[in-house]
Amino acid sequence: MGAVQVRDGFVELYGTAPEGVWSAPGRVNLIGEHTDYNDGFVMPFALPHTAIAAVSRRTDGVLRLHSADIEGDAGGVVELRLDDLAPEADHNWTAYPAGVVWALREAGHAVTGADVHLSSTVPSGAGLSSSAALEVVVALALNDLFELGLQRWQLARLCQRAENVYVGAPTGIMDQTASACCEEGHALFLDTRDLSQKQIPFDLAAEGMRLLVVDTRVKHAHSDGEYGKRRAGCERGAALLGVDALRDVPYTELDAALERLGDDEEAVRLVRHIVTEDERVEKVVALLEAGETRAIGPVLIAGHASLRDDFRISCPELDLVVDTALASGALGARMTGGGFGGSAIVLAEAADVDTITKAVEEAFASSGYAAPRVFEAVPSAGARRLS
Ligand code: ADP
Ligand code: MG
């Protein structure tokens, strides 16, 4: 659904034109997985898929929310009183936008109510951050309408707080920052410790390459619990090594650190993944800045091996995408996102894209898996006002 339809949908629902229309994208992470809660580096870029929201202010303490994409019991206009908003009480989709309003008000910003109608083309639950797109589009709209004067990174922080505290989902800062701050034709090199960022030119088409996203359409049931376990395991590893976060273990001191962990096999594996992954992000940044884009392929492949063997968050479907793509001539491939399903990315010469896509689809069919969704990811714009 485009901006015009979302605007028209608003008029139909609420009987007046919205004050404005905003968009915020989903994201895919090029490299830097599970590093964001270890104060480390990540490198996402924005997808062309966006959440679009038409929004108007209210002054009566009421928040009305509607998503064109939700049907059934949770569909229809949901009306909430701002004074009643409370963390973890709402288990529907409305917790994401309502959580943003709650977080803004908690931080002392005068948001007095709103009417919201939205629709999103970001695949939901595919590890492409449909949740962050929803949060950021609402946060940006309210920031503009109520003239809050917050910067992009501040909006991202508030959206993260909405998701962590109000929705109750423990996530790092990457997704919201990517949706709020990415730029077209660039990947975002983000230091999640101090939120310093750098836009890295990433225009694959100009160099004859493509980046595919393969959404496996599976999400294994234990994924949320395993995320919590990895997070706790990383904190434990940092404590054993006497550092604030695993980010503080330099790559050059990795061997010594692993030696100190001795036969604590779990800590060894988690620490090794995080420390080598931060190093891989820096390597990819250096290669892209040097114009050696094809050379990032092996770094992506090494990243997948580390997630599969050390961090242990891959699954048969993700491994099948990666193995099949590489066997069909891809330059690089890795799982992306939280793991246990979701999506993988494939870097390939433009001329090889059709062969690789076909090979992955056939491999899924012959393994008895549901057909994956394959699409090209062009590094796109971050959140913005459309009208
Ligand atoms: P991801 O962010 O990887 O897509 P999450 O589980 O974090 O997965 O977020 C998915 C949730 O976001 C959905 O279950 C739903 O509550 C909400 N959501 C996503 N897209 C929409 C939409 N178009 N309309 C309403 N809610 C949505
Ligand atoms: Mg999410």
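Buried means under 20% relative accessible area. The exercises below apply to a predicted model.

**Exercise 1.** Determine whether Asp191 is buried or exposed.

Solution. Begin with the position: Asp191 belongs to strand 7, which covers residues 186-191. Next, take the relative accessibility of Asp191, which is 9%. The limit for a buried residue is under 20%. Asp191 therefore counts as buried.

**Exercise 2.** Describe the surroundings of Asp191, leaving aside neighbours within four places in sequence where contacts are listed.

Solution. Start with the contacts: with those neighbours set aside, Asp191 touches Asp39, Gly40, Phe41, Ser196 and Arg247. Then look at the side chain of Asp191, where a polar atom lies 2.8 Å from the backbone nitrogen of Arg193.

**Exercise 3.** Work out the strand order of the open sheet of 3 strands and identify its edge strands.

Solution. The order is 2-7-8, and the pairing is antiparallel. Strand 2 (41-42) and strand 8 (197-201) each pair on one side only, which makes them the edge strands. Now examine the pairing of strand 7 with strand 8: the two run antiparallel and are joined by 5 bridges. Within this arrangement, Leu190 stands opposite Gln197 of strand 8.

Terms used: Residues numbered from 1 in each chain as written. Chains lettered and ligands numbered in written order. Predicted model: local features only at pLDDT ≥ 70, side-chain atom pairs only at ≥ 80, totals over all residues. Heavy atoms only, no water. Helix = DSSP H or I, 4+ residues; strand = E, 2+ residues; numbered from the N terminus. Buried < 20%, exposed > 50% of the residue type's maximum accessible area, 1.4 Å probe, protein only. Polar contact = N/O pair within 3.5 Å; in protein donor to acceptor, adjacent residues only side chain to side chain. Contact = heavy atoms within 4.5 Å. Pairing = 2+ DSSP bridges.
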